[in-house]
Amino acid sequence: MQAQPLIAVADVAASSRWYQAVLGCKSAHGGGEYEQLTFDGRMILQLHRWDAHHHAHIGDPECRPYGNGVLLWFWTDDFDDAVDRAADARAAVLEGPKENRNAQHREIWLRDLDGYVVVIAGPYGDVGM
């Protein structure tokens, strides 16, 4: 089994560009209503425009904050490169980069264009206890 999270966004193309810049992923679908983002050929995230296709369970775009209680968490082998990409994209940094001693890795916490919280974490064990 593999998770393939889908988030509702206001502007699929803009969100796709943001995630590609920050995560180093690629577009695998493209379009104004729906997008699939991949890394090393595997889908890691789906973007769906709020008002497209009238999905009953996608949520209410008027209800904020989006993703309350949900973190979009991504793991990377190259944490330093991810931090550089976030800085180059001028991503809104909520926390970090920082060491998480409990998980023995580094993290940076970001906010995407729609207000979702995105965490990029390095490999477990990349910092000592």
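What radius of gyration would a compact globule with 129 residues have, and what does the protein chain have? The globule would be near 14 Å and the chain has 15 Å, which agrees; the radius is taken over C-alpha atoms, and the rule is 2.2 Å times the number of residues to the power 0.38. Before going on, note that this is a predicted model, where local features need pLDDT of at least 70, side-chain atom pairs count only at pLDDT 80 or more, and totals for chains, interfaces and linings use all residues. Residues are numbered from 1 along each chain as its sequence is written, and side-chain values use heavy atoms, with hydrogens and water left out.

Along its principal axes, the C-alpha trace spans about 50 × 35 × 30 Å. Buried residues, meaning those under 20% relative accessible area with a 1.4 Å probe and protein chains only, make up 40% of the 129. The accessible surface, from the Shrake-Rupley method with a 1.4 Å probe, comes to about 7,600 Å², and 50% of that belongs to carbon and sulfur atoms.

Next, the fold. There are two helices and eight strands, in the order β-α-β-β-β-β-α-β-β-β from the N terminus. These are DSSP runs: helices are H or I with at least four residues, strands are E with at least two, numbered from the N terminus. Taking contacts as heavy atoms within 4.5 Å, 49% of those between residues at least 6 apart in sequence join residues at least 24 apart.

UniProt, in an unreviewed entry, lists residues 1–123 as "domain: VOC"; such annotations may be inferred rather than shown by experiment. Over that range the chain is 18% helix and 37% strand, with the end C-alpha atoms 21 Å apart.

Now the backbone. Which peptide bonds are cis? One runs from arginine 64 to proline 65, with omega near -5 degrees, and proline 65 is in the loop between β4 (42–49) and β5 (71–75). Another joins glycine 96 and proline 97, with omega about 5 degrees; proline 97 lies in strand β6, residues 92–100.

Two non-glycine residues have positive phi. Arginine 90, with phi near 55 degrees, sits in the loop between α2 (79–88) and β6. Arginine 90 is exposed (over 50%), at 76% relative accessible area. Glutamine 104 has phi of about 60 degrees and is in the loop between β6 and β7 (105–111). Its relative accessible area is 24%, so glutamine 104 counts as partly exposed.
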